[in-house]
Amino acid sequence: MERRQIEYFLAVVEHGGFTHAARALHVAQPSLSHAVRALERELGGSLFHRLPHGAVLTSAGSALVGPAQQIVRDLRVAGSSVREVLGLGGGTLDIVAQTTLSVQPLAPLLGRFRVRHPRVRARVLAPESYTEVITKVRHGESEVGLVESDAEIHGLATARLPDQEILAVLPAGTTEADRLPRRELAELDLVSTPPGTTTRRIVEDTLAGLDVEPRIVVETQHRTMIVPLVLAGAGAALLPRAMAEEAGRQGAVLVPLEPAAILSGRLLWRPGPLSPAAAAFLALARAELGT
């Protein structure tokens, strides 16, 4: 089983067919098809149902996806480790983080890491789903993850992140108050992202147990629209403090909730060998966060 075969297999999975995969890899489609056929012969079964307009995984192909991703990840770690020993530096740091943890604490941590290790490239994925973050770390697609959780996660090493307070972010000109009772949130017009996203879950968790429904007047898939919508008077929002304070610098009114609402998070990684870049990032993060 060759690395090229595994990478071609994963490319077909990612792009949904041989034509798009070949285009993305900048290889001829017959070469890609030949490599995948050779892999199938070696494994003893078909990995894809070839359809007129794409390719769909067989059950055997589905079983290969996770191990294939791990093989590619392990090869990258091995290469990074050798380069580190040879003093070449560089490498890539792959991080996956839920949106609510991207501004704080990830952005400042990643900035300080890059200052210390300027030859390391960083790639940050931002799925909305808690389970998707965990899956990407488990399967080796990313070495480091940041996820909303206040509990240990089975099979992964974790460190607790500092809690963040959730604040109500109100349009400019709103009468300021020391505290906003949670039940009164049900009376506000709210701006949020769709159900299943991290920003929407903050709203739902904050109102949980009050037997009230949030009044979502603007639902947008574009999280970056939330603060501009609030500033334009479309409604209020609930955001972690770091995001809320940025809105406050633009003129929004910030009000703590009563009782306080807290966002908990965890840093997570797979036990076992890590690339030098991931190991260095985790060392910096745990030292600075005191975890």
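Predicted model: local features only at pLDDT ≥ 70, side-chain atom pairs only at ≥ 80, totals over all residues.
Asp 211 is a friendly place to start: with a relative accessibility of 80%, this residue counts as exposed.

**Positive phi values**

- Asp 211 sits in the loop that runs between helix 7 (198-207) and strand 9 (215-219).
- The phi angle of Asp 211 is near 60°, which is a positive value in a residue other than glycine.
- His 26 also has phi near 60°, again positive in a residue other than glycine.
- The loop between helix 2 and helix 3 (29-43) is where His 26 is found.
- His 26 has a relative accessible area of 72%, and because the cut-off for exposed is over 50%, His 26 is classed as exposed.

**Cis peptide bonds**

- Going from Gln 104 to Pro 105, the peptide bond is cis, and its omega is near 15°.
- Pro 105 belongs to helix 5, which covers residues 102-116.
- Another cis peptide bond links Glu 258 to Pro 259, here with omega about -5°.
- Pro 259 is part of strand 11, made up of residues 253-269.

**The largest pocket**

- The volume of the largest pocket is about 630 Å³.
- Its lining has 20 residues, and those closest to the centre of the pocket are Leu 10, Glu 14, Val 72, Arg 76 and Glu 141.
- Two or more lining residues come from each of helix 1 (3-15), helix 2 (18-25), helix 4 and strand 4 (121-125).
- Helix 1 gives the largest share of this lining, with 7 residues.
- Sorted by class, the lining of the largest pocket holds 8 nonpolar, 8 charged and 4 polar residues.

- Met 1, Leu 43, Ile 71 and Leu 75 together make a nonpolar surface patch of about 320 Å².
- Ile 71, one of these patch residues, lies in helix 4, which spans residues 59-85.
- Is Ile 71 exposed or partly exposed? Its relative accessible area is 33%, so Ile 71 is partly exposed.
- Ser 59 is in helix 4 as well, and at 68% relative accessibility Ser 59 counts as exposed.
- From C-alpha to C-alpha, Ser 59 and Thr 92 lie 32 Å apart in space, with a sequence separation of 33 residues.

Definitions and conventions: Residues numbered from 1 in each chain as written. Heavy atoms only, no water. Patch = residues over 30% accessible without salt bridge, like charges linked within 9 Å, V, L, I, M, F, W, Y side chains within 5 Å. Areas by Shrake-Rupley, 256 points an atom, 1.4 Å probe, with all protein chains shown as cover. Salt bridge = Lys/Arg side-chain N within 4 Å of Asp/Glu carboxyl O. Helix = DSSP H or I, 4+ residues; strand = E, 2+ residues; numbered from the N terminus. Buried < 20%, exposed > 50% of the residue type's maximum accessible area, 1.4 Å probe, protein only. 1 Å grid on protein atoms, 1.4 Å probe; cavity = no way out; pocket = protein on both sides within 12 Å on 5 of 7 lines; lining within 4 Å. Points joined across faces, edges and corners; volume = space filled by probe spheres on them. Nonpolar A, V, L, I, M, F, W, Y, C, P; charged D, E, K, R; others polar.
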